[in-house]
Amino acid sequence: MNAFAMGTRLRDMIRAIRACKTAAEERAVVRKECAAIRTAISENDPDYRHRNLAKLMFIHMLGYPTHFGQMECLKLIASAGFPEKRIGYLGLMLLLDERQEVLMLVTNSLKQDLNHMNQYIVGLALCALGNICSAEMARDLAPEVEKLLQSSNPNIRKKAALCSVRIIRKVPDLAENFMRPASALLSEKHHGVLIAGIQLCTELCKASIEALDHIRKYTKDLVRILKNMITSGYAPEYDISGITDPFLQIRVLRLLRLLGKGDADSSDIMSDILAQVATNTESNKNAGNAILYECVQTIMAIEAIGGLRVLAINILGRFLSNRDNNIRYVALNMLMKAVTVDFQAVQRHRTTILECVKDSDASIRKRALELAFLLVNDTNVKPLTKELLEYLEVSDPEFKSDLTAKICSIVEKFTPSKQWYIDQMIKVLVEAGSYVTDEVCHSLIVVISNAMDLQGYTVRCFYRASQHWNQNESLVRVTVWCIGEYGEMLLNHAGELDGEEPLTVTESDVVDVLEGILKGSTGNVTTRAMALTALLKLSSRFPPCAERIKDLITQHKGSLALELQQRSIEFSSILYKHENIKSTLVERMPVLDELAYAAGKKADAAGGLLATGSSTKATSSGTAANLPNGVSKPPTNALMDLLDLSVDDTPTPTVSSGDILQDLLGVGSSPAPTFSGVGQASTGGADVLLDLLSIGTPPAPAQSTSTDLASFDQAPSASVIAFDPLSQLASLASPISPPQQRVKSFGDNRSMGLAVNGIHEATKPSLPASPMVDLLGDLSPAPAVSGDAVPTYPSIVAFESKVLKVTFDFTKQPDKPQLTSVQASFTNLTSNTYTDFIFQAAVPKFMQLHLDPASSNILPPSGNGKIVQGLSINNSQHGQKPLAMRLRIAYKVNGQDVVEQGQVNNFPAGL
């Protein structure tokens, strides 16, 4: 007999397919069988239609296309017999979905079968509708399903309730039609109908607020249902592991959660039964744990009293001791949500949570670590950090990164003292320094810089930790920075604390450490560059080792790493040619401005255009001091700050693209707009220094004077010049002051961790065409070239109110028409003194605005004095678009904050 004749049974086809040894054989059998089925379909043979459709369903489950048999489903559904309808509806649910257009043809058949006298045919129609119902079918057949919810047959009511769930999900507007029939199902005795009715009520509460209010009236009925199941005896038809119908209990608890959320009355009604469920349910079976978990979720969601929440959290604490990883994981997830509700109750289980951090399962470790982080506060930070550090020593490498990040965050956020913070960070760096980020290292350096009384203690601790390097770059870098800044404290025992272990170190020992870093094969270029900088600093503090330090620095002149080669050449020039200023260049860097750094990061993220005229500075004692207006610090990078490239003791505006110290110390300067303050004429190409690689200085097209930097006096300076540490070395030109101009001070500028202090401004006489002094070598004279006449522009009143007047005076340079220098003068028109005066300005995107420091932040009354502040505006579309500016002025009058705002549109033509 042909194995694929029309009379072939389904089992024979399955046997033939399973007998295939290769995929090709299977495809050949399926292809032949599909061809036979297509032939039967084309001949419209009704005798084997149900058998052919059964074969198609099996072929569909194997993953082969069966779309050609979809119409056979409709033909079987339309037949009168139950066996044909059963196969037809089963094929309909498997071979079609709600997106098929052919599904529209079955709506009429479904409507007839929903009204059929045979309960089994009605059940088939309800099952099919509940699986593939579309929005159109839901609207058409909702009335029939609503009627069946009131059927006398419990099997029909159950299936109708489940079908209604899909209808409501597809068309939420129909929810009001099912509210009353659904609430009537809550009085059912049959558990199958009851669980379907509760699921329908749950869906109604999610779909409609009106339905939620309606179902809340039946809260007592739900409580009664739950109480009956808890107190009832053994019922074999519903018993699972000694628990009566846990599926129904879970459904009731989920519905109670929706009813009690945000409703105090409903929460009070269900509180007692929830306490009974939480107390009486056994937790040694999985079914009992499922009920307890749903009970905890319900307690935490409703308006429960504090004692009930504590009971729920204690259940989660018991879950953490369970051997099943799934139970522990869901408990940790739930405890993370419970922290915001009852922190103290969760805090009692801290020990168990910390044990979960050490679990062998990675997902449990990670979740427990997140929960432990949420539990930290000022009272438990020390013991919790101690336990995490102990585990850090033995944790898996793949987990060290997350654990290190959390420990660093905890220590930084909840530190009780700076000494404790430094101790814990040293432990982290020793155990897992390779996982510590540059941002964390920078934060540590900022704390060390501000902790004046702990600097000696810190450098000794890092020196002791130097034996634990093991390719630990973060630990090496922080150690090198500390030695470079406070290396002399290793010798004189400065700042030694009570109980601190004594340490005997010589100058040679300290240099040995840095030499080991330079010669170590594992150190990267950045670390070795920092070691060179530290050696340069120690050259003036360790006179006995000065020659050895010179040799170590000189050895890298031929290094293949350009950064090391450049530093070696520049530092050697300082050591051999400029001993008279070396001690000034390598002074200890000032206290790092932590608040300004944090503000800089926020400003960098915001990317705003507003130039702010105020800043705050953190002093060593932790207090904040107000700084003059107009100070704007550039956004900083954490690694750059770690290398001391972008931190100034006093915030300073950027006024030149090439700085003397940049050339001197090897920090390049990228092309950037050159801004000049009010009253300062910037010359064009005259350079103060020769190129470090012996490139001659180009002639200066603008008038300039020579300046002997080595003979600057020590007078205090009111203004400073800042440089951009990220600039390219190619831009070496620095503006030179014209005759009789005040030379800007270079004090407090630093590069690669070098601080220059004590070099201040001085008035220099005009020396025509005299050669300029090059700090690193000889410099040929630059010829002076007379400049063009400076154009003049009328002053304007930029802003005026009854209490304040602002005037602008303008100057421009002929060779830079796009650059406008503005001097803003502020006059107080009242009899009250203005304090905390802050001026801010904003310009369009095609312009660049720079604010100089203001002359004061106190404005005298009645015009008896003025505040003067310089602005520089660079208009990239000069000649096409005029200047425009918005002003914002803030100050205090008798302790009250006042803000003035305005817009300047009356700039003179030609600016």
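## Terms and ground rules

A residue is called buried when its relative accessible area is under 20%, exposed when it is over 50%, and partly exposed in between, with a 1.4 Å probe and protein chains only. Helices (H or I, at least four residues) and strands (E, at least two) are DSSP runs, numbered from the N terminus.

This is a predicted model, in which local features need pLDDT of at least 70 and side-chain atom pairs count only at pLDDT 80 or more, while totals for chains, interfaces and linings use all residues. Residues are numbered from 1 along each chain as its sequence is written, and side-chain values use heavy atoms, leaving out hydrogens and water.

## The chain as a whole

The chain holds 36 helices and 14 strands. Of its 911 residues, 52% are buried. A contact means heavy atoms within 4.5 Å. Among contacts with a separation of 6 or more, 70% are between residues 24 or more positions apart.

Let us start with α14, which runs over residues 246-260 and reaches 21 Å from its first C-alpha to its last, close to the 21 Å expected at 1.5 Å a residue. That expected span is 1.5 Å times one less than the number of residues. The rest of the structure largely encloses α14, because 11 of its 15 residues are buried. Among them are P246, L248, Q249 and R257.

Most residues other than glycine have a negative phi. D245 is not a glycine, yet its phi is positive, near 40°. With 9% relative accessibility, D245 counts as buried. After α14 comes G262, with a positive phi near 80°.

Helix α5 (residues 82-95) has 14 residues and spans 19 Å between its first and last C-alpha, close to the expected 20 Å. Its buried residues are K85, I87, G88, Y89, G91, L92 and L95. Covering them are elements including α3 (49-61), α4 (70-78), α6 (107-114) and α7 (119-132).

How do two helices lie against each other? Packed helices are described by the angle and the distance between their axes. Here the axes are lines fitted to C-alpha atoms over the stretch in contact, with angles from 0 to 180 degrees between N-to-C directions. The axes of α16 (residues 286-301) and α18 (residues 325-338) come within 11 Å and cross at roughly 10°.

Two strands pair if DSSP finds at least two bridges between them. Three strands form an open sheet in the order β10-β13-β14, with antiparallel pairing. Its edge strands, β10 (835-842) and β14 (896-904), each pair on one side only. Neighbouring strands are turned by 15° against each other on average, direction ignored.

β10 pairs with β13 (residues 885-893) over six bridges, and F839 stands opposite I889 in β13. Strand β10 also contains D836, a residue other than glycine with a positive phi of about 50°. At 30% relative accessibility, D836 counts as partly exposed.

Elsewhere, β7 (residues 796-800) and β8 (residues 804-813) pair in the antiparallel sense over four bridges. A hairpin of three residues joins β7 to β8, and F799 has V806 in β8 as its bridge partner.
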